[in-house]
Amino acid sequence: MSFEEYLRSDNDISLEVDNWQTRVLTSEIDPSQTPSLSLAKKRLREMAMVGLTEELDVTLKLVSRVFGWPEVSGLGRLNSTIQPSEYSDLTDSAREFAARKNSLDVELYNYGKELFGELVRVHVLE
């Protein structure tokens, strides 16, 4: 099964590519219903902290500051992509379909980036 076929499949597994993070934060897993983005944002804001994998070093510094733990340094990355992603092999229609299926997650991610920035300004850059 290709990735595009997986995206377009109509089974329980494909729910993972249908605004999964928004669904998890809201506990709205029913595939026949659209999860509430506003509830997901509210719950994300209520978290003690928000981190970003692409900002791992800053996230670790933020964790230590928020929770009063010793700072961790020199962790390194064990699962980094060295070669360009095969994302470029996806068809435009697959990319567009994935973006539509995950539009709430994209908006939630952008909101999470804003929260991350606020936390960094308060806890890391003080």
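These legends go with a set of close-up views of one predicted model.

**About the model.** In this predicted model, local features need pLDDT of at least 70 and side-chain atom pairs count only at pLDDT 80 or more, while totals for chains, interfaces and linings use all residues. Residues are numbered from 1 along each chain as its sequence is written, and side-chain values use heavy atoms, with hydrogens and water left out.

**View 1. The whole chain, to get your bearings.** The protein chain has six helices and zero strands, so reading along the sequence is simple to define: helices (H or I, at least four residues) and strands (E, at least two) are DSSP runs, numbered from the N terminus. The pattern goes α-α-α-α-α-α. Of the 126 residues, 30% count as buried (buried means under 20% relative accessible area, exposed over 50%, and partly exposed in between, with a 1.4 Å probe and protein chains only). Take the contacts with a separation of 6 or more: residues 24 or more positions apart account for 56% of them (contact means heavy atoms within 4.5 Å).

View 2. Look for L37, A40 and L44, which are buried in α3. They cover an arc of only 60° around the axis, which puts them on the same side of α3 (the arc is that of the directions from the helix axis to the C-beta atoms). An α-helix has 3.6 residues a turn, so residues three or four places apart point the same way. Over on the other side of α3, S38 and E46 are exposed. The cover over the buried residues of α3 includes α2 and α6.

**View 3. Where α3 meets α6.** Helix α3 (residues 37-46) packs with helix α6 (residues 103-124) at an angle of about 25°, and their axes are 10 Å apart (axes are lines fitted to C-alpha atoms, for helices over the stretch in contact, and angles run from 0 to 180 degrees between N-to-C directions). That makes α3 roughly parallel to α6 (the word covers angles under 35 degrees; over 145 is roughly antiparallel, 65 to 115 roughly perpendicular and the rest oblique). From α3, the residues taking part are L37, A40, K41, L44 and R45, and they meet L104, E107, L108, Y111, G112, L115 and E118 in α6. Sorted by type, the residues of this contact come out as seven nonpolar, one polar and four charged (Ala, Val, Leu, Ile, Met, Phe, Trp, Tyr, Cys and Pro count as nonpolar, Asp, Glu, Lys and Arg as charged, and the others, Gly among them, as polar).

**View 4. Helix α5 against α1.** In α5 (residues 92-101), the buried residues are A94, F97 and A98. They sit on the same side of α5, because they cover an arc of only 100° around the axis. Those buried residues pack against α1 (3-8). On the other side of α5 you'll find D92 and R100, both exposed.

**View 5. The loop between α1 and α2.** D18 is found in this loop and is buried, with a relative accessible area of 15%. Leaving aside residues up to four places away in sequence, D18 touches R23, K101 and N102. D18 and D105 are 87 residues apart along the chain, yet their C-alpha atoms are separated by 8.4 Å. N19 lies in the loop as well; N19 has a phi near 55°, a positive value in a residue other than glycine.
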